[in-house]
Amino acid sequence: MRRRIWAGLASFALAGTIVAGTAVSAFAEPLSSGEFKKQANAICAEGNKQIDAAAQQAFAGLSRNQKPTVEQLTAFAAVAIPNVEQQIDAVAALEAPKSLQAKVKKLVKAARAGTAKATADPSLLADEKHNPFAASDKQAKKLGLKECAGGS
């Protein structure tokens, strides 16, 4: 149960720190498709670790079937959502190849909408039926970003 609580948020948990060498200027060559996916997945993998750590702290002491309190979800969201917003920016800052740019734009838009929903109602983070990151999970899967596409 606890894993499901933060799985929605971790589904687009991109690292707040851009992987060394991935920051690009407006004049940089676009990454290859493979390199874009590699770097984005690395960002997401690091972000997943950060989100998991925040969840472990926020939900410490909950039994497997125990639901978190509103206060616990709010405390978790207060730490995790700003982190995720920074992480979204990190993926958006990668210079995607032209063939992926439209899909990346869709992914970023969906992830930002997810963070807005989770900010407005942190209880959604524990609601599998109304996962605020379902659309970004779908876009990440389409892009081949398995680390960004959520999990069980």
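This is a predicted model: local features need pLDDT of at least 70, side-chain atom pairs count only at pLDDT 80 or more; totals for chains, interfaces and linings use all residues.
Q: How do you know whether F76 is buried or exposed?
A: F76 has a relative accessible area of 1%. This value is also under 20%, and F76 is therefore buried.

Q: Why is the aromatic pair of F59 and F76 called tilted?
A: The ring centres of F59 and F76 are 5.2 Å apart, and a pair requires centres within 6.5 Å. The planes stand at 50 degrees; under 30 degrees would be stacked and over 60 edge-to-face, so the pair is tilted.

Q: What does the pair of F59 and F76 tie together?
A: F59 lies in the loop between α2 and α3, and F76 in helix α3, so the pair links parts 17 residues apart in sequence.

Q: Why is P82 called partly exposed?
A: Helix α3 (residues 70-93) also contains P82. Its relative accessible area is 37%; buried is under 20% and exposed over 50%, so P82 is partly exposed.

Q: Why are α4 and α5 called roughly antiparallel?
A: Helix α4 (residues 98-120) and helix α5 (residues 134-143) pack at about 160 degrees, with axes 8 Å apart. Angles over 145 degrees count as roughly antiparallel, and α4 and α5 are therefore described in this way.

Q: Which residues make the contact of α4 with α5?
A: Among them are L100, V104 and L107 of α4, and A135, A140 and L143 of α5. By class, the contact has eight nonpolar, two polar and three charged residues.

Methods: Residues are numbered from 1 along each chain as its sequence is written. Side-chain values use heavy atoms; hydrogens and water are left out. Axes are lines fitted to C-alpha atoms, for helices over the stretch in contact, and angles run from 0 to 180 degrees between N-to-C directions. Helices (H or I, at least four residues) and strands (E, at least two) are DSSP runs, numbered from the N terminus. Angles under 35 degrees count as roughly parallel, over 145 as roughly antiparallel, 65 to 115 as roughly perpendicular and the rest as oblique. Contact means heavy atoms within 4.5 Å. Ala, Val, Leu, Ile, Met, Phe, Trp, Tyr, Cys and Pro count as nonpolar, Asp, Glu, Lys and Arg as charged, and the others, Gly among them, as polar. Buried means under 20% relative accessible area, exposed over 50%, partly exposed in between (1.4 Å probe, protein chains only). Rings of Phe, Tyr and Trp (its six-membered ring) pair if their centres lie within 6.5 Å; planes under 30 degrees apart count as stacked, over 60 as edge-to-face and the rest as tilted.
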